[in-house]
Amino acid sequence: MIRSVVRGFGASLPKRVMTNSEMEKKVDTSDEWIVQRTGIRQRYLAGEGETTASLGEAAARAALERAKLTPADIDLIILATSTPDNTFPATAVNIQNRLGMHHGAAFDVQAVCSGFIFAVTTADAYIRGGIAKRVLVIGAETFSRILDWNDRTTCVLFGDGAGAIVLEAQEGEGTTADRGVLTTQLRSDGAHKEKLYVDGGPSSTGTVGHLRMEGREVFKHAVGMITDVIEAAFEATGTTADDIDWLVPHQANRRIIDGSAKKLGIPPEKVVVTVDIHGNTSAASIPLALNAAASDGRIKQGDLVLLEAMGGGFTWGSVLLRW
Ligand code: ACO
């Protein structure tokens, strides 16, 4: 049985860090409010010349280096982003070109904060279907460019960055002892659009628009949706919370992360948290967190790793994989 195995990982952050105390100078907020409600202490913001494509390219290069591969070894690039450099072409194609890669294919997927889960699921389907052998899966965002910097209820929450993994087709036995992606679970429900959306777009307003969110409403749905897709992953594989070595959640809010882990019975020491330093980087948050925990040696080969996310759409999903 073909499995999609993580062969490399990498990340890239903008140069500029913005702390909560700097945020206090921009809008009527406080470090105490932000930390207490979200766990965020700082975020990275893209500066001049830094874009979703440039951050994505740097993350991709780091993942390729770690995998000891070159762009010539890749046959597909899938980029998860909601903040493309241009309406079209896909930013994935821009990254492909920046990597000097002129073969294979590249495209974007858009599922807001769940984007990386959707991208990994797509890559896994291409690999298991025999369409691709090595896929560069990237999550890259520049949410700072779609924030309303006068809206304190949203601008304090988000940051910019990128992360990437290389998934490679390898033979497995078809058991949960295999390395690679073991199950993927995707959900969406457009009935919740108004709770989290961008109020512009090419075919509606002809503008880029700004992020709008009813934070309390999103919060109300988050824990239930996350536990739904995690329980589905357990059921699909016959695993339980006790088998999990690392939970790597989408990094939106510390309270959502803690609440979901508690409900599932996953102890805090098995949960990777980077929301304090990165803020919510949407589709980039999971690969950024994976990079942090795999680089410092917490996530080791053979570990059972559970990824989950919930975001605009609503969309939500999980990926269970053996590292
Ligand atoms: N600084 C200080 N006060 C603030 C700020 C701020 N930055 N923002 C809001 N407040 C005030 C509000 O005005 C309100 O004041 P009031 O009581 O006088 O009216 C008070 O703080 C409480 O506001 P709430 O919105 O009820 O605060 P809550 O405890 O719900 O926290 C938060 C807000 C952090 C946004 C929370 O609701 C949340 O995390 N929601 C989920 C967001 C999320 O996870 N999104 C994930 C998906 S993101 C994606 O897909 C792109």
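Author: We begin with proline 89, which is placed in the loop between strand 4 (76-80) and helix 4 (91-98). Helices (H or I, at least four residues) and strands (E, at least two) are DSSP runs, numbered from the N terminus. This is a predicted model, where local features need pLDDT of at least 70, side-chain atom pairs count only at pLDDT 80 or more, and totals for chains, interfaces and linings use all residues. Residues are numbered from 1 along each chain as its sequence is written, and side-chain values use heavy atoms, with hydrogens and water left out.

Reader: Is the peptide bond from phenylalanine 88 to proline 89 cis or trans?

Author: Most peptide bonds are trans. For the bond from phenylalanine 88 to proline 89, omega is near 0 degrees, and the bond is cis.

Reader: Which residue does a cis peptide bond join to glycine 313?

Author: The residue in question lies in the loop between strand 12 and strand 13 (315-322). Omega of the bond is about -5 degrees, and the partner of glycine 313 is phenylalanine 314.

Reader: What is phi of valine 112 near?

Author: Most residues other than glycine have a negative phi. Valine 112, in the loop between strand 5 (105-109) and helix 5 (115-128), has a positive value. Its phi is near 50 degrees.

Reader: Where does the ligand sit?

Author: A pocket is found on a 1 Å grid over the protein atoms alone, as an open set of points where a 1.4 Å probe fits, with protein on both sides within 12 Å along at least five of seven lines. A molecule sits in a pocket if more than half of its atoms lie within 2 Å of its grid points. By this rule the ligand's place is the second largest pocket.

Reader: How far is an oxygen atom of the ligand from an N or O atom in the side chain of arginine 37?

Author: A polar contact is a pair of N or O atoms within 3.5 Å. Tryptophan 33 has a polar side-chain atom 3.2 Å from an oxygen atom of the ligand, and glycine 312 has a backbone N or O atom at 2.9 Å from one. For the side chain of arginine 37, the distance is 2.6 Å.

Definitions and conventions
Polar contact = N/O pair within 3.5 Å; in protein donor to acceptor, adjacent residues only side chain to side chain. 1 Å grid on protein atoms, 1.4 Å probe; cavity = no way out; pocket = protein on both sides within 12 Å on 5 of 7 lines; lining within 4 Å.
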